Amino acid sequence: MKCFRRLFALNDDVGKVMEEYAQFSMKSGPFEDLTCISRMHSMDPKSWWANFGPQTPLLQSLAFKVLGQPTSSSCSERNWSTYAFIHSLRRNKLNPSRAQDLVFIHNNLRLLSRNSEEYAELYTKMWDVGGDVFDSLEDVGFLEFAELSLDEPDLENVLLVED
């Protein structure tokens, strides 16, 4: 219900989508047809909603949004990789909340850098490993020769002394 309220701002739309969802979950109304029910498990989900969902337009649009999302763990993997890079054996004195904050800042800076002119001119694009592409890490040869390190002994000493 929270999802419906968040995605459909108007109270009328929330009521309509709740009705449509009730019809779908109880297999009544437009979903009670035997063909509709039998094809539910054998057809591609997008095709099924295209064929049997037009009578419930709000629920159909929500289904298309959900089904249109990529099913990949690469974003999570990228986040975990960044966390492992920040919270390594040499920097294991960081408390988890500070490490999470640094991962959050790193990811947001990466996203913000995409809006700069330098990013378009490949000045900072080389640090955006893979971007948001899920297919491959093609054209990532820059990092093979780079000396990447977050280890700054002087900075670490200052940070650890202040805490």
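The chain has nine helices and zero strands, where helices (H or I, at least four residues) and strands (E, at least two) are DSSP runs numbered from the N terminus. Residues are numbered from 1 along each chain as its sequence is written. Because the model is predicted, local features need pLDDT of at least 70 and side-chain atom pairs count only at pLDDT 80 or more, while totals for chains, interfaces and linings use all residues; side-chain values use heavy atoms, with hydrogens and water left out.

**Chain overview**

- From the N terminus on, the order of elements is α-α-α-α-α-α-α-α-α.
- Of the 163 residues of the chain, 20% count as buried; buried means under 20% relative accessible area, exposed over 50%, and partly exposed in between (1.4 Å probe, protein chains only).
- Among contacts between residues at least 6 apart in sequence, 36% join residues at least 24 apart; a contact means heavy atoms within 4.5 Å.

**Largest nonpolar core**

- A nonpolar core is a set of buried Ala, Val, Leu, Ile, Met, Phe, Trp, Tyr and Cys residues joined through side-chain atoms within 4.5 Å.
- The largest such core has 13 residues, of which Phe4, Phe8, Val17, Phe31, Cys36, Trp48 and Trp49 touch the most other members.
- Helix H2 (11-26), helix H4 (45-52) and H5 each supply at least two residues of this core.
- H5 provides the largest share of this core, four residues.
- Leaving aside neighbours within four places in sequence, Phe31 is in contact with Glu20, Gln23, Phe24, Cys36, Ile37, Trp48, Trp49, Phe52 and Thr56.

**H4 with H5**

- H4 and H5 pack at an angle of about 165°, with their axes 10 Å apart; axes are lines fitted to C-alpha atoms, for helices over the stretch in contact, and angles run from 0 to 180 degrees between N-to-C directions.
- The two helices H4 and H5 are therefore roughly antiparallel (angles under 35 degrees count as roughly parallel, over 145 as roughly antiparallel, 65 to 115 as roughly perpendicular and the rest as oblique).
- H4 passes H5 in a left-handed crossing; a crossing is left-handed if the near helix is turned anticlockwise from the far one by less than a right angle, and right-handed if clockwise.
- On the H4 side the contact is made by Pro45, Lys46, Trp49 and Ala50, and on the H5 side by Leu59, Gln60, Ala63, Phe64 and Leu67.
- By class, the contact of H4 with H5 has seven nonpolar, one polar and one charged residues; Ala, Val, Leu, Ile, Met, Phe, Trp, Tyr, Cys and Pro count as nonpolar, Asp, Glu, Lys and Arg as charged, and the others, Gly among them, as polar.
- Gln60 lies in helix H5 (residues 57-67) and is buried, with a relative accessible area of 13%.
- Not counting residues up to four places away in sequence, Gln60 touches Trp49, Ala50, Gly53 and Pro54.

**H2 with H5**

- H2 and H5 pack at an angle of about 80°, with their axes 8 Å apart.
- That angle makes H2 roughly perpendicular to H5.
- Asp13, Lys16, Val17, Glu20, Tyr21 and Phe24 in H2 meet Pro57, Leu58 and Leu59 in H5.
- The residues of the contact of H2 with H5 divide into six nonpolar, no polar and three charged.

**H6 with H7**

- Helix H6 (residues 74-86) and helix H7 (residues 96-113) pack at an angle of about 125°, with their axes 9 Å apart.
- H6 and H7 are therefore oblique to each other, and H6 passes H7 in a right-handed crossing.
- Arg78, Asn79, Thr82, Tyr83 and Ile86 in H6 meet Pro96, Ala99, Gln100, Leu102, Val103, His106, Asn107 and Arg110 in H7.
- By class, the contact of H6 with H7 has six nonpolar, five polar and two charged residues.

**Loop residues**

- Thr56 sits in the loop between H4 and H5 and counts as buried, at 1% relative accessibility.
- Not counting residues up to four places away in sequence, Thr56 touches Glu20, Gln23, Pro30, Phe31 and Trp49.
- Pro30 is found in the loop between H2 and H3.
- Pro30 and Thr56 are 26 residues apart in sequence and 8.1 Å apart in space, C-alpha to C-alpha.
- With residues up to four places away in sequence not counted, Pro30 touches Gln23, Cys36, Gln55 and Thr56.
- Lys27 is placed in the loop between H2 and helix H3 (34-39) and counts as partly exposed, at 35% relative accessibility.
- Phi of Lys27 is near 50°, a positive value in a residue other than glycine.
- Most residues other than glycine have a negative phi.
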